[in-house]
Amino acid sequence: MSLRLLLLSCCLLLPTACKGEAETQAPALPPTPQVATDSVAQERIAEDVRTLADDAMQGRMAGTPGHERAAEHVAARMQAAGLKPAGDDGGWFQTVPLLRSTRLREGAQLQVRHRDRDVDLRFEDQFLPQPDFNVGEARIEAEAVFVRQAVHAPALGIDDFAGLDVQGKVAVLFNGAPPSLPANPRAHHAAMESKLQTLAARGALAAVLVNSAADEAGVPWAVTAGNWQRPGLRLRDAHGAAIDGVPQLRVVTRVSASAADLLFDGSGRTASQVHAAMLAGEPGFALPVRLALASASRIEPLQSRNVLGRLPGNDTVLAGEAIAWTAHLDHLGEGLAIDGDGIHNGALDNALGVAIMLESARMLADAPRPPRRTLLFAALTAEEHGLLGARWLVRQPPAGLGFVANLNIDMPLLLAPSKDVIAIGSEHSSLGDAVAAVAADLGVDLSPDPFPEEAAFVRSDQYAFARAGVPALYLDAGVVSADGKRHPELAQRNFMREHYHRPSDDLSLPVYWPDAERLARLAAELGSVISEADAPPQWNAGDFFQTLARDIAPARP
């Protein structure tokens, strides 16, 4: 799952986690204990999780043999459930073309040029270029401009570029977005992709992202720098170029908080003073230095696969409208060993979500009559690298289909019995009323998002659909204790602190299988309601996501 803790947790991976060698095996570990289940459906869910989170899957990193084995298992389960293949050429798989980029030490540079002296920052200790997906070597020297957080949202009262000219210059910026913004717009504008596209549109030639002390309180620079060789992934187009690669920005570099003062030397303020002034509302300004930047990267083609199965709609008018169930199949692969275990099994993130989606598919396939709209079930790749499998599916839906709704399941932390479920994003569209009605029919409470500050709606695969104009929901575990003894919210907080994106996310954790079956039932019933309705779901009038689609053509039919 791509929450704000992703950066910290991904940095625990070593470069070997991204290699494709299936032959490298970690030392054998004691088997995880079997988990008790109360029904055939629960046992199917548990068996899928056991298989997908097994060491043999090597952490299911996108583009690795372990992920391919996991995809084969999911395809077999879809076929057994009664789905029809919906992938490329009539098969179960949709190929997702990728680029892998690994930054190189040799050739990297960040030099601050004053009138009377030059100051070189140290690679790894003080700066790290981002992996480049456009060219193997890049170099630029230009004047520098501080652009606050590079947010251009005039409709929300924020324009960090007011009075500034970044054309042909290096933009220097801090992370994040103004705290005055609502949670979802703030998360959208805080995203690296949004910042880089905004800078490129205004003619900047390079970007330097400056870490603050607050940034490194959560993600120490030593953790980031210690694993600088870890590659990044991007989607690849038919000509071999990166999709969303922002080639206009020749170099993008990140600078540690300890070295930040070197960028603002001569401005009369330290980096922390500039940061405080920014938060107080002071505008950006031209810096009295030129910056010389260079990066070097090794760029390689790669591919992975989405697994797609469908239940065809039987309504001659509505069959071309598709409701997409999604759950990401990939995880983090192999990495830094913790207590002798280096395999990131991803039992809850997101083998459990995939297993619940498969059980929903079985329930719907066993229904007494076929759906009016087509139901598509997708186990997606490369979520952990920027929702890439979901973005590709939205760009390249199966022939003859257009998406009208998305139901996503990602890392449901079903660690204690609950009375409720969470439907993140329900306030944005008519799907909110639908899920409330279904939950009431099933006797399940519907609770609001317990962590709204995390803006989780823009941090998992449903965001790719929302950006394309497709109403979506993120179905998640409840937080209200069912027995007054075991407390789901406390268990979830403990998971995030102790197990999230670590090898200990395995089946030694106490998954509460009855709630897994209940979530599968709710997802199936909700999909059935959407399928049978005369009109497809709609965004609420004036909602932020109603007009967000800007990079991907709307996928509605």
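Trainee: Which residues is Thr326 in contact with, leaving aside its neighbours within four places in sequence?

Mentor: Met357, Ala378, Leu380, Asn406, Leu407, Asn408, Ile409, Asp461 and Phe465, where contact means heavy atoms within 4.5 Å. This is a predicted model, in which local features need pLDDT of at least 70 and side-chain atom pairs count only at pLDDT 80 or more, while totals for chains, interfaces and linings use all residues. Residues are numbered from 1 along each chain as its sequence is written, and side-chain values use heavy atoms, with hydrogens and water left out.

Trainee: Why does Thr326 count as buried?

Mentor: Buried means under 20% relative accessible area (exposed is over 50%, partly exposed in between; 1.4 Å probe, protein chains only). Thr326 has 1% relative accessibility, so it counts as buried. Thr326 is placed in strand 14, residues 321–328; strands are DSSP E runs of at least two residues and helices H or I runs of at least four, numbered from the N terminus.

Trainee: What makes polar contacts with the side chain of Thr326?

Mentor: The side chain of Asn406, at 3.0 Å, and that of Asn408, at 2.8 Å. A polar contact is a pair of N or O atoms within 3.5 Å; within protein, one must be able to donate a hydrogen and the other to accept it, and residues adjacent in sequence count only if both atoms are side-chain atoms.

Trainee: Why is Asn211 called buried?

Mentor: Its relative accessibility is 8%, so Asn211 counts as buried. Asn211 is found in the loop between strand 10 (206–210) and helix 6 (213–218). Its side chain makes polar contacts with the side chains of Asn175 (3.4 Å) and Arg254 (3.1 Å).

Trainee: What angle do helix 10 and helix 15 make, and how far apart are their axes?

Mentor: Helix 10 and helix 15 (residues 513–532) pack at about 50°, with axes 8 Å apart. Axes are lines fitted to C-alpha atoms, for helices over the stretch in contact, and angles run from 0 to 180 degrees between N-to-C directions.

Trainee: Why is helix 10 called oblique to helix 15?

Mentor: Under 35 degrees is roughly parallel, over 145 roughly antiparallel, 65 to 115 roughly perpendicular, and the rest oblique. The angle of about 50° therefore makes helix 10 oblique to helix 15. Among the residues that meet are Leu352 and Ile356 in helix 10, and Trp513 and Ala516 in helix 15.
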